Amino acid sequence: MADVKNELNPQPLPPRADAPAWWPQLLWQLHFPIVKGPGPGPINYPPAIDDIMAALHIHTLSYLLRDQNVAQQIRSLAEQRLSHAVQNLSKSHQEAARAASKK
């Protein structure tokens, strides 16, 4: 497969060596683009992304529990966390951008 590049994200699209194996490569590339030229560099992804990924893992892992009543309670809580995190992505991004600009 040939490397695909574009102006918004000039890095090659195959997996980067610095990305954790468990992290979706597309998210890693979008949040940590290779920036060439002047400028402050990329803004780190909002902590909400960690919350979303954790909730997805918790939701999926709950199916492995023997007590499915408890598992359903865990899934319900994970779904609430997901919903809250997704609804606040823009706010989380603005807070991260504001904190980065103060550095």
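These notebook entries record what I looked up in one predicted model.

**Entry 1. Conventions**

I number residues from 1 along each chain as its sequence is written, and I use heavy atoms for side-chain values, leaving out hydrogens and water.

**Entry 2. The chain overall**

I looked up the secondary structure and found four helices and zero strands, in the order α-α-α-α along the sequence. Helices (H or I, at least four residues) and strands (E, at least two) are DSSP runs, numbered from the N terminus.

I then looked up burial: 24% of the 103 residues count as buried. I take buried as under 20% relative accessible area, exposed as over 50% and partly exposed as in between, with a 1.4 Å probe and protein chains only. The chain exposes about 7,800 Å² (Shrake-Rupley method, 1.4 Å probe), and carbon and sulfur atoms supply 60% of that area.

For contacts (heavy atoms within 4.5 Å), I considered pairs at least 6 apart in sequence; 35% of these join residues at least 24 apart.

**Entry 3. Helix H2**

H2 covers residues 47-61 and reaches 21 Å from its first C-alpha to its last, close to the 21 Å expected at 1.5 Å a residue. The expected span is 1.5 Å times one less than the number of residues. I list its buried residues as Ala48, Ile49, Ile52, Met53, Ala55 and His59. They fall within an arc of 160 degrees seen down the axis of H2, so they line one face of the helix. The arc is taken from the directions from the helix axis to the C-beta atoms. Pro47 and Leu61 are exposed on the other side of H2.

I looked at histidine 59 separately. It is buried at 16% relative accessibility, and it is in contact with Arg75, Ala78 and Glu79 when neighbours within four places in sequence are left aside.

**Entry 4. Helix H3**

H3 has 20 residues and reaches 28 Å between its end C-alpha atoms, close to the 28 Å expected. Its buried residues are Ala71, Arg75, Ala78, Leu82 and Ala85. Down the axis of H3 these lie within an arc of 90 degrees, so they line one face of the helix. Exposed residues on the other side include Asn69, Leu77 and His84. What covers the buried residues of H3 includes H2 and helix H4 (89-101).

At the start of H3, I noted a side-chain oxygen of aspartate 67 within 3.1 Å of the backbone nitrogen of asparagine 69.

Where does serine 62 lie? I placed it in the loop between H2 and H3 (68-87). Serine 62 is buried, with a relative accessible area of 2%. Its side chain joins that of arginine 75 in a polar contact of 3.0 Å. A polar contact is a pair of N or O atoms within 3.5 Å; within protein, one must be able to donate a hydrogen and the other to accept it, and residues adjacent in sequence count only if both atoms are side-chain atoms. Beyond four places in sequence, serine 62 touches Gln68, Ala71, Ile74 and Arg75.

I found one salt bridge in the structure, taken as a side-chain nitrogen of Lys or Arg within 4 Å of a carboxyl oxygen of Asp or Glu. It joins the side chains of arginine 81 and aspartate 51 at 3.4 Å, N to O. Arginine 81 lies in H3 and aspartate 51 in H2, so the pair ties together parts that are 30 residues apart in sequence. Aspartate 51 counts as partly exposed, at 33% relative accessibility.

Terms used:
Predicted model: local features only at pLDDT ≥ 70, side-chain atom pairs only at ≥ 80, totals over all residues.
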